[in-house]
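Hi,

Here is the structure I promised to pass on to you.

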Amino acid sequence: MRLTSLDVFRGITIAAMILVNMAGVADDVYPLLAHADWHGCTPTDLVFPFFLFIVGVAMTFSLSKYTADNKPTSTVYLRIFRRAAILFALGLLLNVFWNKGVGTFDFSSIRIMGVLQRISLSYLLASLAVLNLPRKGQWILAAVLLIGYWLTMMYVPVPEYGAGVLTREGNFGAYFDRLIIPQTHLYAGDGFKSMGDPEGLFSTIPAVVSVLAGYFTGQWIRKQPVQTRTSVGLILFGMGCLIIGWAWGWVFPINKKLWTSSYVIFTSGWALLLLAACYELIEVRLIKRWSKPFEIMGLNAIALFVASVLLIKILAKTKIGTGETVLSTYNWIYQNIFASWAGTFNGSLLFALVTVLLWWAVAILMYRQRWFLKV
């Protein structure tokens with residue numbers, strides 16, 4: 001069984017990821033296209049957990065034959081570890097690519113963690129849980145991870161800061177990352193230098209539950225009829241998660257960079273609502289024409305993400321001009337082609353939209369050539 005609505009959901013997510021990544025390079029960007037500075041959640045903060053949620057839903061179909069009587073073999077585990085290793089390696093490649101300037105690859109200061117690394121570890125750990133725990137055990141594990149992470153972050157004291165300090169440098173996750181990962185290999189932006197990593201090791205623990213939430217959703221969908229009542233069920237589950245996540249946020253704030261437990265539940269709620277919309281339109285009502293561009297992008301999501309990040313690095317590192325007029329290629333295009341007539345905020349948005357269209361064109365070419373790069 002292939003869930004076309006899931007491919008569309010994945011395509012929407014990768015298009016949104018390219019959009020916010022590209023727009024975020026500019027100094028002036030609309031708030032909705034920027035991450036929350038710390039606590040809180042903007043639409044941009046939904047993109048990454050959506051991707052993890054989608055990974056979990058897809059796992060339902062890829063691992064279904066191994067979660068009942070047909071036990072997984074060593075080949076299955078090898079395939080899972082191989083996929084996780086490739087994702088992690090691709091993340092390291094993105095981090096080291098021109099990390100000290102054009103044509104330079106400085107491994108001594110490469111950032112260890114990142115978006116693909118978190119996807120890799122979350123997928124690996126969630127897969128192992130699914131293959132080795134009964135359904136009840138999987139739910140218990142998800143609850144233990146979320147509650148355990150909350151209690152640890154709030155009640156385990158950090159040297160020089162104490163317990164329950166959720167600042168960039170004082171939270172337990174940042175302290176844990178500093179203990180495990182050398183300073184030169186931590187994230188160097190947004191005030192995180194020597195403080196931790198927004199995709200760090202410790203905060204990957206609750207991210208595993210973002211994958212499991214998708215897996216639980218996929219399990220439920222597979223047992224339901226292709227009818228509107230299934231979409232309604234997804235909406236009700238989604239609304240419930242939004243309420244629980246919002247309420248939990250009063251004592252453990254919703255925070256993407258800390259990947260708090262409330263953030264996991266809250267963003268899973270939004271993921272359920274968007275999946276419900278895609279499911280109702282595509283699977284139930286068979287209204288598919290609007291969705292084809294996103295379905296095409298969703299079929300090569302990882303390839304498009306890696307290529308788009310490499311392009312951003314090239315545009316940001318290469319220069320145009322000389323002396324005081326030198327600009328990065330990104331800023332030259334942004335200022336001269338977009339911001340010069342559309343303004344700074346509209347210019348960054350238009351530049352990002354054109355970039356999404358560019359990668360959609362690439363996706364169409366790959367689709368027509370039947371090039372589907374799977375990890």
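First, some ground rules. This is a predicted model, so local features need pLDDT of at least 70 and side-chain atom pairs count only at pLDDT 80 or more, while totals for chains, interfaces and linings use all residues. Residues are numbered from 1 along each chain as its sequence is written, and side-chain values use heavy atoms, with hydrogens and water left out.

**Helix pairs**

A few terms before we start. Helices are DSSP runs of H or I with at least four residues, numbered from the N terminus. Each axis is a line fitted to C-alpha atoms over the stretch in contact, and angles between N-to-C directions run from 0 to 180 degrees. Angles under 35 degrees count as roughly parallel, over 145 as roughly antiparallel, 65 to 115 as roughly perpendicular, and the rest as oblique. A crossing is left-handed if the near helix is turned anticlockwise from the far one by less than a right angle, and right-handed if clockwise. Contact means heavy atoms within 4.5 Å. For residue classes, Ala, Val, Leu, Ile, Met, Phe, Trp, Tyr, Cys and Pro are nonpolar, Asp, Glu, Lys and Arg are charged, and the others, Gly among them, are polar.

Take H7 (residues 204–222) and H8 (residues 228–248) to begin with: their axes are 11 Å apart and the packing angle is about 155 degrees. That makes the two roughly antiparallel. The crossing of H7 over H8 is right-handed. On the H7 side you'll find Thr217, Trp220 and Ile221, which meet Thr230, Gly233, Leu234 and Phe237 of H8. Sorted by class, that contact has four nonpolar residues, three polar and no charged.

H7 also meets H4 (residues 115–132), and here the axes come within 8 Å and cross at roughly 60 degrees. H4 is therefore oblique to H7. This crossing is right-handed too. Among the H4 residues in the contact are Arg118, Leu121 and Tyr123, and the H7 residues they and their partners meet include Val208, Val211 and Tyr215. The class count is 10 nonpolar, two polar and one charged.

What about H3 (residues 74–96) and H11 (residues 301–317)? Their axes come within 10 Å and cross at roughly 15 degrees, so the pair is roughly parallel. H3 passes H11 in a left-handed crossing. Leu87, Leu90, Leu94 and Asn95 of H3 meet a set of H11 residues that includes Phe305, Val309 and Lys313. By class, there are eight nonpolar residues, one polar and one charged.

One more term: buried means under 20% relative accessible area, exposed means over 50%, and partly exposed is in between (1.4 Å probe, protein chains only).

Is Thr60 buried or exposed? This residue of H2 (residues 47–62) counts as buried, at 2% relative accessibility. Leaving aside neighbours within four places in sequence, Thr60 is in contact with Gly214, Tyr215, Gly218, Gln219 and Arg222.

Leu131 sits in H4 and is buried as well, with a relative accessible area of 11%. Not counting residues up to four places away in sequence, Leu131 touches Leu63, Tyr66, Thr67, Pro72, Val76, Tyr77 and Ile80. Its C-alpha atom is separated by 28 Å from that of Ile180, 49 residues apart along the chain.

Glu160 has a phi of about 75 degrees and lies in the loop between H5 (135–155) and H6 (172–180). At 80% relative accessibility, Glu160 is exposed. Trp259 has a phi of about 50 degrees and lies in the loop between H8 and H9 (261–284). With a relative accessible area of 0%, Trp259 is buried.

Cheers
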